[in-house]
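Let me put it up and jot things down as I look them up.

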Amino acid sequence: MTSQVSIDSPLGPLALTSDGEFLIGLDIGTRVSQPSSDAVIELATQQLDEYFAGTRTTFDLPLKARGTEFQQSIWSALQDIPYGHTTSYGELGSAIGKPGSARAVGGAVGANPLPIVIPCHRVLASDRRITGYSGGEGIPTKEKLLGLENISYR
């Protein structure tokens, strides 16, 4: 049985979705109308609060991100980007053994069902520009997340 709760954050509301064992969704800018919580959501709420307070730099949550094998490989690689650091779409493709796949990497990054927790905001263009963000208000949301981690960009 899935549970879903909205929490307040510096980015606005976040809707957290759990299947009872894993966090399976995080939507920035979404508020659910009939909240239902469980232990996974309670742990995610605590860790997100700590992240936004600046006291947490990594997440330790049970995650299940549903996607293609390629998407899964990108989402796994995203979790290797340390707090306060960035990579490029091209570098991410090379990291999974798919050099020259920056466009496909961008599509997988944009399809990330667990933004923030799987830190897709840490991916920039090769010239360090922000080229987009699929969560919340788009680029302004990504800028807030980068600022929270004191990451400079162009």
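Below are my entries, from the whole chain down to single residues.

**Entry 1: what I'm looking at**

I note first that this is a predicted model. How many helices and strands does the chain have? I count five helices and five strands. Reading along the sequence, I get the pattern β-β-β-α-α-β-α-α-β-α. Next I looked up the radius of gyration, which is 15 Å. The globule rule gives 15 Å for 154 residues, so I can call this chain as compact as a globular protein of that length. Along the principal axes, the C-alpha trace spans about 45 × 30 × 25 Å.

What share of the residues is buried? I find 45% of the 154 residues in the chain on that list. The accessible surface comes to about 7600 Å², and carbon and sulfur atoms own 48% of that. I also looked at contacts between residues at least 6 apart in sequence: 57% of them join residues at least 24 apart.

Charges next. I have 12 positive and 16 negative side chains. The centres of the two sets lie 9 Å apart.

**Entry 2: strands 1 and 2**

I started with strand 1, which is residues 3–9. Five of its seven residues are buried, so I can write it down as mostly covered, since buried here means under 20% relative accessible area. Which way do strand 1 and strand 2 run relative to each other, parallel or antiparallel? They run antiparallel, and seven bridges join them. Strand 2 covers residues 12–18. The two strands form a hairpin with two residues between them.

**Entry 3: on to strand 3**

Strand 2 also pairs with strand 3: five bridges join them, and again I read antiparallel. This is another hairpin, with four residues between the strands. In its turn I found Gly20, with a positive phi of about 100 degrees. Strand 3 is residues 23–28, and five of its six residues are buried, so it is largely enclosed by the rest of the structure.

A reminder to myself for when I look at side chains: in a regular strand they alternate between the two faces of the sheet.

**Entry 4: Thr17**

Is Thr17 buried or exposed? I get a relative accessible area of 13%, so Thr17 falls under the 20% cut-off and is buried. Across in strand 3, Thr17 stands opposite Gly25. Which residues is Thr17 in contact with, leaving aside its neighbours within four places in sequence? I list Ser3, Gln4, Phe22, Leu23, Ile24 and Gly25.

I then looked up residues other than glycine with a positive phi, and wrote down two.

Ile116 has a phi of about 75 degrees and is not a glycine. Where is Ile116? I find it in the loop between helix 4 (102–110) and strand 5 (123–124). Its relative accessible area is 0%, so Ile116 goes down as buried.

Arg128 has a positive phi near 70 degrees, and it too is a residue other than glycine. Arg128 sits in the loop between strand 5 and helix 5 (139–148). At a relative accessible area of 32%, Arg128 is partly exposed.

**Entry 5: Gly135**

Gly135 lies in the loop between strand 5 and helix 5. Its relative accessibility is 9%, so I count Gly135 as buried. How far is Gly135 from Asp27 in space, C-alpha to C-alpha? I get 7.1 Å, for two residues 108 apart in sequence. Leaving aside neighbours within four places in sequence, I have Gly135 in contact with Ile28 and Thr141.

**Entry 6: Gly90**

My last stop was Gly90, in helix 3 (residues 89–95). Its relative accessible area is 32%, between the 20% and 50% cut-offs, so Gly90 is partly exposed. I also looked up its distance to Phe52, which is 38 residues away along the chain. The C-alpha atoms of Gly90 and Phe52 are separated by 28 Å.

Conventions
Residues numbered from 1 in each chain as written. Predicted model: local features only at pLDDT ≥ 70, side-chain atom pairs only at ≥ 80, totals over all residues. Heavy atoms only, no water. Rg over C-alpha atoms; globule rule 2.2 N^0.38 Å. Buried < 20%, exposed > 50% of the residue type's maximum accessible area, 1.4 Å probe, protein only. Contact = heavy atoms within 4.5 Å. Areas by Shrake-Rupley, 256 points an atom, 1.4 Å probe, with all protein chains shown as cover. Lys, Arg positive; Asp, Glu negative; His and termini not counted. Charge placed at Lys NZ, Arg CZ, Asp CG, Glu CD. Pairing = 2+ DSSP bridges.
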